[in-house]
Amino acid sequence: MRCPYDRSVRSRTRRAWALAAGLFVVALSQPGFAEPITPTRDDEIVEVLPAASGTRDEDRRLRKLVRGRPGDAAVAVMVARRYLARAREAGDPRFAGLALAALHPWPDATTAPDDVLLLRATLQQYLHDFDASVASLRLLLARPEGEHMAQAWLTLATVLRVQGRYAESDEACRRVGLAGVQVYSSACFAENAALRGEVESARKTFETLLANPRLPTATQGWLLTSLAELETRDGHAASADAAFRSVLRLGPDAYAAVDYADFLIDQGRPSEALKVLKDETRTDAVLLRLAIAGTRASAATATRDVAEMRDRIALADQRPDACKFHGREQAMFALAIDHAPARALELARGNVELQREAIDLLVLAEAARASGEADAIDEARRLKATLGVYDRRIDAVL
Amino acid sequence: MIACVGVLVTGLASAHKSSDAYLQLDAAPNHLTLRWDIALRDLDVALDLDTDADGKLSWGEVKTAWPAIESYAMARLAIDGCELRTTGRGLERRNDGAYAVLYLASDCTLSRQPVIAYTLFADVDPTHRGIAKIQRPGQPIVLSMLDPSKASTSTEPASAANASAPAGIAIRPPSRWQFLGEGIRHILTGYDHVLFLLCLLLPAVMRRTREGWRPVDKLSEAILPVLGIITAFTVAHSITLGLAALKLVSLPSSFIEPAIAVTIMLAALDNVWRVFPVRRIVVTFCFGLIHGFGFASVLSELNLPTADFAWALLQFNVGLEMGQLLIVGVATAALFSVRDWKRYRQIVIRGGSMVAMLIAALWFIERTTNVPLMPF
């Protein structure tokens with residue numbers, strides 16, 4: 001699919017920036033920025049290598065380890081997990097590529113060790129290759145010990161939910177319970193129930209689970225976020241707000257922060273959204289919300305963030321298949337910043353072929369409504385009905 | 001030294017995209033040139049370039065590793081029917097970091113559907129892709145994404161109907177006068193260039209006499225100096241625009257942009273206090289050289305086709321001049337009509353120059369500290 005990229009919008013927008021109250025950073029954020037480097041001395045630094053939470057030494061140690069023990073699955077899995085964590089932390093998908101490479105010695109999914117296959121499925125999920133992830137997980141879970149792999153079932157339930165396959169996701173939730181982890185199984189069911197509109201029972205489940213004082217913080221955070229999303233879709237702004245705030249009180253949570261920012265932007269509170277995202281790593285998801293909230297709030301940082309997001313989109317679009325994997329963010333950007341509903345609609349349509357969370361349908365609905373095309377609106381309605389998603393925000397748009 | 005400063009300012013790159021390498025192929029009968037940009041960061045993972053393990057790559061480390069880089073890369077690229085040899089090397093800074101540039105060539109004729117075997121970083125990062133642009137004379141660019149996990153990619157020639165083919169996609173060919181429009185657009189939105197010209201024009205409808213500025217009597221008396229200034233500016237910026245576009249001279253924008261602000265300040269200052277011992281035309285020429293580099297910075301975005309490069313550059317420059325003439329015409333007419341105003345010297349020349357100096361000073365601060373201050 002050829003990515004819709006409108007250059008005339010950029011020229012018009014460029015003039016608009018210059019004229020409007022905005023700020024313009026020169027040179028470094030030029031899209032397709034490329035200039036020759038002409039070093040004159042040997043000790044001149046030409047590149048600073050990325051060093052995230054691990055130190056450079058650890059990096060090299062890991063690489064040496066993997067190279068020195070090519071058949072050692074435990075080492076490979078450990079290294080790959082470290083890389084995946086770095087990828088999430090920095091919002092840098094290159095690390096996910098390095099993680100996949102560490103698992104290279106086991107290309108055949110049928111013979112790869114269990115944790116290699118599970119980690120590969122997780123990486124595929126991170127890189128938005130959902131079909132591949134589901135395939136890897138099904139292979140893994142078909143193995144004799146499959147029924148005890150709670151994590152694998154849970155990941156499968158999540159990926160199926162993202163694809164809008166709620167019934168299959170429920171089946172995976174059930175198997176999580178059978179593998180022995182009741183809390184996650186119940187929460188898993190409740191998430192699917194909430195999406196289908198069984199809001200009361202889902203809410204009760206979450207509240208019951210949260211009442212347990214000995215819940216690990218991470219689980220608490222996940223439950224509260226799910227509850228907040230439920231309340232958002234059910235139209236209870238105050239409860240959603242309270243739930244989001246509770247999550248962020250527990251500690252930094254990038255996923256919840258972006259979720260909360262979306263909620264605040266929808267509620268017409270963009271400056272609060274900016275505050276929430278202030279200290280987060282500028283992943284694509286975070287930067288997009290900063291750009292949208294900043295524009296709505298006429299913040300000083302708005303133009304810079306918009307420019308940077310535009311650059312990232314342009315850079316990513318150099319790959320012909322890029323808009324498939326970044327369709328959601330690009331559609332939101334096209335709609336909220338460029339006010340280009342036709343382009344947003346095309347991107348949103350491509351996106352829902354890949355993922356179908358409530359937000360993806362919402363973006364499709366908003367793009368359809370903004371474009372005014374009757375069949376686009378019908379299409380959005382039909383998709384919502386087919387999936388059986390319950391979301392008052394989408395109802396309001398359609 | 002200047003390049004060093006530029007590099008330090010832009011040294012730290014942050015990436016939020018997967019690994020890409022960029023290949024630019026220019027195919028002519030019996031000759032193929034290839035430019036291959038590979039991220040140093042990716043090469044470090046594969047070849048461990050950071051020998052002193054300080055987390056930074058120095059020019060020395062890259063130089064030492066260059067033979068290894070070349071043999072590593074060349075072993076992982078094969079174009080059917082073309083034997084590649086290296087012809088040069090370079091370094092390029094992009095949004096997500098520094099890239100090693102390999103210049104390659106071959107005396108083959110690239111087939112209509114070249115089969116490219118690309119396996120760079122296949123075992124280092126399976127998400128890496130090679131983004132190839134194939135340019136043949138007089139034809140639209142063919143874009144192809146090379147996947148190292150696939151043994152080889154056959155790049156199909158593009159046609160308008162084939163626009164969404166998976167392997168090769170045609171970029172819409174530019175209209176014949178596209179770069180003319182870009183030139184006009186660029187000068188009209190180039191507020192710093194416009195302000196510089198206005199500073200030069202403010203006293204143009206006056207003459208410098210022993211008693212100070214006096215209004216000219218006839219329009220022709222104003223037009224001559226104005227023409228002189230415009231010509232000097234045009235010739236100067238055309239020279240440096242051409243030099244920069246051909247990559248014969250390259251100055252980092254971290255130097256050029258503040259320098260442009262300085263030219264405005266000095267031009268404005270000269271209106272109030274005579275600071276230049278030479279004629280204004282000479283000053284305009286010298287400053288015009290700097291502005292030319294400023295225009296050149298937009299060229300990299302425009303993707304000037306290598307085949308019609310000269311024609312596109314000419315169009316761009318002509319566009320600049322057309323826009324310029326428009327601005328100058330309007331400004332001169334306006335200034336000429338108010339030149340007899342008693343307060344012209346005070347308000348227009350002095351006041352206008354002061355405002356210009358202030359704006360230019362703010363731009364200077366903005367462009368050296370990278371802190372946005374102005375809305376334009």
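Colleague: How do α5(A) and α6(A) run relative to each other, parallel or antiparallel?

Modeller: Roughly antiparallel. This is a predicted model, and in it helix α5 (residues 114–126) of chain A packs against helix α6 (residues 130–141) of chain A at an angle of about 160 degrees. An angle over 145 counts as roughly antiparallel, so that label applies to α5(A) and α6(A).

Colleague: And how far apart are their axes?

Modeller: The axes of α5(A) and α6(A) are 8 Å apart, and the crossing is left-handed.

Colleague: Which residues meet there?

Modeller: From α5(A) you have D114(A), L117(A), L118(A), R120(A), A121(A), Q124(A) and Q125(A). They meet F130(A), A132(A), S133(A), S136(A), L137(A), L139(A) and L140(A) in α6(A). By class, the residues of this contact divide into 8 nonpolar, 4 polar and 2 charged.

Colleague: Why would residues three or four places apart point the same way in an α-helix?

Modeller: Because an α-helix has 3.6 residues a turn.

Colleague: Okay, next pair. At what angle do α12 and α13 of chain A cross?

Modeller: Helix α12 (residues 237–250) and helix α13 (residues 254–266) of chain A cross at roughly 155 degrees, and their axes come within 10 Å. That makes α12(A) roughly antiparallel to α13(A). The crossing of α12(A) and α13(A) is left-handed.

Colleague: What does each helix bring to that contact?

Modeller: A240(A), F244(A), V247(A) and L248(A) come from α12(A), and they meet A256(A), A257(A), D259(A), Y260(A) and F263(A) of α13(A). The contact of α12(A) with α13(A) has 8 nonpolar residues, no polar ones and 1 charged.

Colleague: Stepping back, how many helices and strands does chain A have?

Modeller: Chain A has 22 helices and 2 strands. Of its 398 residues, 45% count as buried. Looking at contacts in chain A between residues at least 6 apart in sequence, 51% join residues at least 24 apart.

Colleague: What about α16(A), is that one mostly covered or mostly exposed?

Modeller: Mostly covered, with 12 of the 15 residues of α16(A) buried. Among the buried ones are R304(A), D305(A), E308(A) and R312(A), along with V306(A), M309(A), I313(A) and L315(A).

Colleague: Over to chain B. Where does F295(B) sit?

Modeller: F295(B) is in helix α8 (residues 280–296) of chain B. F295(B) is buried, because it has 23 other C-beta atoms within 10 Å and 20 or more is the cut-off.

Colleague: Which residues does F295(B) touch, leaving aside neighbours within four places in sequence?

Modeller: H186(B), H237(B), L241(B) and L320(B). Take H186(B): F295(B) is 109 residues from it in sequence, while their C-alpha atoms are 7.9 Å apart.

Colleague: Which residues in chain B have a positive phi without being glycine?

Modeller: D48(B) is one of them, with phi near 55 degrees, and F121(B) has phi near 60 degrees.

Colleague: Where are they, and how buried is each?

Modeller: D48(B) is in the loop between α2 (40–47) and β3 (56–58) of chain B. With 15 C-beta neighbours inside 10 Å, D48(B) counts as partly exposed. F121(B) is in the loop between β7 (115–118) and β8 (129–135) of chain B, and with 27 C-beta neighbours inside 10 Å, F121(B) counts as buried.

Note on methods
Residues numbered from 1 in each chain as written. Chains lettered and ligands numbered in written order. Predicted model: local features only at pLDDT ≥ 70, side-chain atom pairs only at ≥ 80, totals over all residues. Helix = DSSP H or I, 4+ residues; strand = E, 2+ residues; numbered from the N terminus. Contact = placed C-beta atoms within 7 Å. Axes fitted to C-alpha atoms, helices over the stretch in contact; angles between N-to-C directions. Parallel < 35°, antiparallel > 145°, perpendicular 65-115°, else oblique. Left-handed = near helix turned anticlockwise from the far one by under 90°. Nonpolar A, V, L, I, M, F, W, Y, C, P; charged D, E, K, R; others polar.
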